[in-house]
Amino acid sequence: MEKFTKLTGVAAPLPVINIDTDMIIPKDYLKTIKRTGLGKGLFSEARYNDDGTENPDFVLNKPAYRNAKILVAGDNFGCGSSREHAPWALLDFGIRCVISTSFADIFYNNCFKNGILPIVVSPEDLEKLMDDAERGANAILTVDLEAQEITGPDGGSIHFDIDPGRRHILLEGLDDIASTLKSDSAISSFENKTSAQRPWL
């Protein structure tokens with residue numbers, strides 16, 4: 001998993017509450033178990049018209065936000081069903097950070113497992129960041145995970161809190177398997193000792 005230390009990029013505003021996982025990646029795209037190729041389906045029901053053409057009014061189709069790396073969204077982001085395809089689609093599109101006032105628990109946990117940083121901020125701070133994100137091509141934010149700070153285009157910064165264990169996982173780029181392998185020597189030692197003490201197992 002790619003390490004997350006500091007991210008600087010365009011932030012796209014999505015001031016909608018209760019964005020569920022079906023909106024993030026509709027069920028039509030759930031046939032695959034691959035983590036790649038889902039970016040085209042991200043928010044597809046809003047991004048595309050019925051005839052398959054792009055909806056020019058949707059934020060990620062606007063020239064300034066086509067390469068957005070950060071999403072500033074409304075409250076309760078990622079609610080609904082527990083599909084891991086949702087963070088896969090965000091990551092495949094290029095979004096590494098989502099900022100909101102709250103997240104659904106399963107989506108929040110899945111983000112960390114896939115190298116995406118979900119940041120919870122106060123309603124007042126979200127309003128400031130949403131205003132920054134609405135600046136189009138000038139909507140550049142820097143998210144510093146080590147310092148736990150978000151810096152806006154005018155230089156103002158906002159501190160955010162994060163669980164130390166989850167922060168470590170992203171900084172080191174560890175998924176569940178890599179995190180377990182960090183304890184490989186201790187696991188092997190335990191297994192060898194158990195085999196010697198209980199050879200019948």
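Asn61 counts as buried, at 6% relative accessibility, where buried means under 20% relative accessible area, exposed over 50%, and partly exposed in between (1.4 Å probe, protein chains only). The residue lies in the loop between α2 and β2; helices (H or I, at least four residues) and strands (E, at least two) are DSSP runs, numbered from the N terminus. The model is a predicted one, in which local features need pLDDT of at least 70 and side-chain atom pairs count only at pLDDT 80 or more, while totals for chains, interfaces and linings use all residues. Residues are numbered from 1 along each chain as its sequence is written, and side-chain values use heavy atoms, with hydrogens and water left out.

**Overall form**

- The secondary structure of the chain comprises eight helices and seven strands.
- The C-alpha trace spans about 65 × 40 × 25 Å along its principal axes.
- Of the 201 residues in the chain, 43% are buried.

- A polar atom of the Asn61 side chain lies 2.8 Å from the backbone oxygen of Asn55. A polar contact is a pair of N or O atoms within 3.5 Å; within protein, one must be able to donate a hydrogen and the other to accept it, and residues adjacent in sequence count only if both atoms are side-chain atoms.
- Glu54 and Arg66 form a salt bridge, with their closest N and O atoms 2.5 Å apart. Both residues lie in the loop between α2 (44-47) and β2 (70-73), so the pair ties together parts that are 12 residues apart in sequence.
- Glu54 is partly exposed, with a relative accessible area of 34%, and Arg66 is partly exposed as well, with a value of 39%.

**Salt bridges elsewhere**

- A salt bridge is a side-chain nitrogen of Lys or Arg within 4 Å of a carboxyl oxygen of Asp or Glu. A search of the whole structure finds seven salt bridges.
- Arg135 forms a salt bridge with Asp154, the closest N and O atoms being 2.8 Å apart. This pair links distant parts of the chain, 19 residues apart: Arg135 is in the loop between α5 and β5 (140-144), and Asp154 is in the loop between β6 (149-151) and β7 (157-159).
- Arg135 is partly exposed, at a relative accessible area of 32%, whereas Asp154 is exposed, at 61%.
- Asp132, Arg135 and Asp154 are linked in a network of salt bridges.

**Helix α5 and its charges**

- The side chains of Lys128 and Asp125 meet in a salt bridge, with a distance of 3.7 Å from N to O. Both residues lie in helix α5, three residues apart, about one turn of the helix.
- An α-helix has 3.6 residues a turn, so residues three or four places apart point the same way.
- Asp125 counts as buried, at 17% relative accessibility.
- Glu124, Glu127, Asp131 and Glu134 gather in a patch of negative charge on the surface. Patches are made of residues with over 30% relative accessible area and no salt bridge; like charges are joined within 9 Å, and nonpolar side chains (Val, Leu, Ile, Met, Phe, Trp, Tyr) within 5 Å.
- Asp131 is found in helix α5 (residues 123-133) and is partly exposed, with a relative accessible area of 44%.

**Buried loop residues and backbone angles**

- Phe43 has a positive phi of about 50 degrees although it is not a glycine. Phe43 is placed in the loop between α1 (21-24) and α2 and counts as buried, at 1% relative accessibility.
- Gln148 has a positive phi of about 55 degrees, although it is not a glycine. Gln148 is placed in the loop between β5 and β6 and is buried, with a relative accessible area of 14%.
- Val121 is placed in the loop between β4 (117-120) and α5 and counts as buried, at 7% relative accessibility. The C-alpha atoms of Val121 and Asp22 are separated by 24 Å, the two residues being 99 residues apart along the chain.

**The two ends of helix α6**

- At the start of helix α6 (residues 164-172), a side-chain oxygen of Asp163 reaches to within 3.0 Å of the backbone nitrogen of Gly165.

Note on methods. Areas by Shrake-Rupley, 256 points an atom, 1.4 Å probe, with all protein chains shown as cover. Lys, Arg positive; Asp, Glu negative; His and termini not counted. Charge placed at Lys NZ, Arg CZ, Asp CG, Glu CD.
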